[in-house]
There are 2 protein chains.
Amino acid sequence: MTNPPESARVEQAVDLLRAAGERLTPARYAVLRVVDAADRSDEHLTAEDIGARVAELEPAVHRATVYRTLTSLVDTGVLSHVHLGGAATVYHLSAVPAQHHADHDTVHQPHGHHAHVQCHACGKVLDVAPEVFDDVAERLRADLGFVLDTGHAALLGTCQDCLT
Amino acid sequence: MTNPPESARVEQAVDLLRAAGERLTPARYAVLRVVDAADRSDEHLTAEDIGARVAELEPAVHRATVYRTLTSLVDTGVLSHVHLGGAATVYHLSAVPAQHHADHDTVHQPHGHHAHVQCHACGKVLDVAPEVFDDVAERLRADLGFVLDTGHAALLGTCQDCLT
DNA sequence: ATCGTTGCAAAGCATTTGCATGCCT
DNA sequence: AGGCATGCAAATGCTTTGCAACGAT
């Protein structure tokens, strides 16, 4: 029980970090654990959300450090971020090709790479299988020479619950 | 030459404004002209961009007023805004069902309603015909009950020029 | 021991708000 | 005339930065 697969994802992230010649610090470790936990509960945390949780885990870590850490982890490729509809940016562990996770709906796919749509009414973020955008991506490439980065930004709309 | 259809679009916007029982003030008029001009040159202006141009047109108008004006014009429905990939929000005249404009590429469509994709390398914003997202919209609705608001948020990718 | 990383605190920026005045209708 | 919109200025909130101290390797 107490040795959940979480460690696997975090460890993998740590390995990536080290492979990139980066140092592992308490701040970085805390950020990785927080993001991993959020990932596996399908939460989407912003920089400040992460800062808040890191503060609980490592009170000594300064907010500014969380921002710098997020930036460097994204640069390293350990984390990736998604720009949501409004303005917020949320973070994910980028590595890890999915493994467990009991899915609930069709277009939903376990972790790993995925696209996002956000409800502008309630703010909820839904994960979507990247293939849903394959046709659009193909058309944009053919017509405009534009290579779509599926999942780097979320589209807006209204979720089922908010359709009155 | 000098009596461009601009006035038509602005006038239409003004009518909408009045129909909504809102007042026409120098600040609002300036904002409308600026946004109209941007629209017809396919530019995508943020609140501060608009503020800067309004300052040239009406030096007396305060920045705070531009923000308040944009908000109220969007509420009224005269303007609509699009959330770009990064964080910025850009504005469009919402009415006006397109008219002139010599198009250059297939998926490009004159003004009116359209979707957007943004290059995260150069920041350029490309307008895309909303139909490009029809299939995605249909699938999201069918699978998740999510109603996509095409064109309220932009997707990210890399434009032809930036593909090295 | 070295050099990247952190803490701290202050600066930055875009955006918002309270309030009294002004002006559109 | 009446009430919404504006100017002004201060406050906000998130994020960034300079610099010296710290600590991971």
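Me: Happy to dig in! Angles of 65 to 115 degrees count as roughly perpendicular, those under 35 as roughly parallel, those over 145 as roughly antiparallel and the rest as oblique. Why are H2(A) and H4(A) called roughly perpendicular?

Reply: Their axes come within 10 Å and cross at roughly 75°, and H2(A) and H4(A) are therefore roughly perpendicular. Axes here are lines fitted to C-alpha atoms, for helices over the stretch in contact, with angles from 0 to 180 degrees between N-to-C directions. This is a predicted model, where local features need pLDDT of at least 70, side-chain atom pairs count only at pLDDT 80 or more, and totals for chains, interfaces and linings use all residues. Residues are numbered from 1 along each chain as its sequence is written, chains are lettered from A and ligands numbered from 1 in the order written, and side-chain values use heavy atoms, without hydrogens and water.

Me: What makes the contact between H2(A) and H4(A)?

Reply: Contact means heavy atoms within 4.5 Å. H2(A) brings Ala27(A), Arg28(A), Val31(A) and Leu32(A), while H4(A) brings residues including Thr65(A) and Leu70(A).

Me: What makes the pairing of Thr65(A) with DNA strand C a polar contact?

Reply: A polar contact needs a pair of N or O atoms within 3.5 Å. A side-chain N or O atom of Arg18(B) is 2.9 Å from a phosphate oxygen of DNA strand C.

Terms used: Polar contact = N/O pair within 3.5 Å; in protein donor to acceptor, adjacent residues only side chain to side chain. Helix = DSSP H or I, 4+ residues; strand = E, 2+ residues; numbered from the N terminus.
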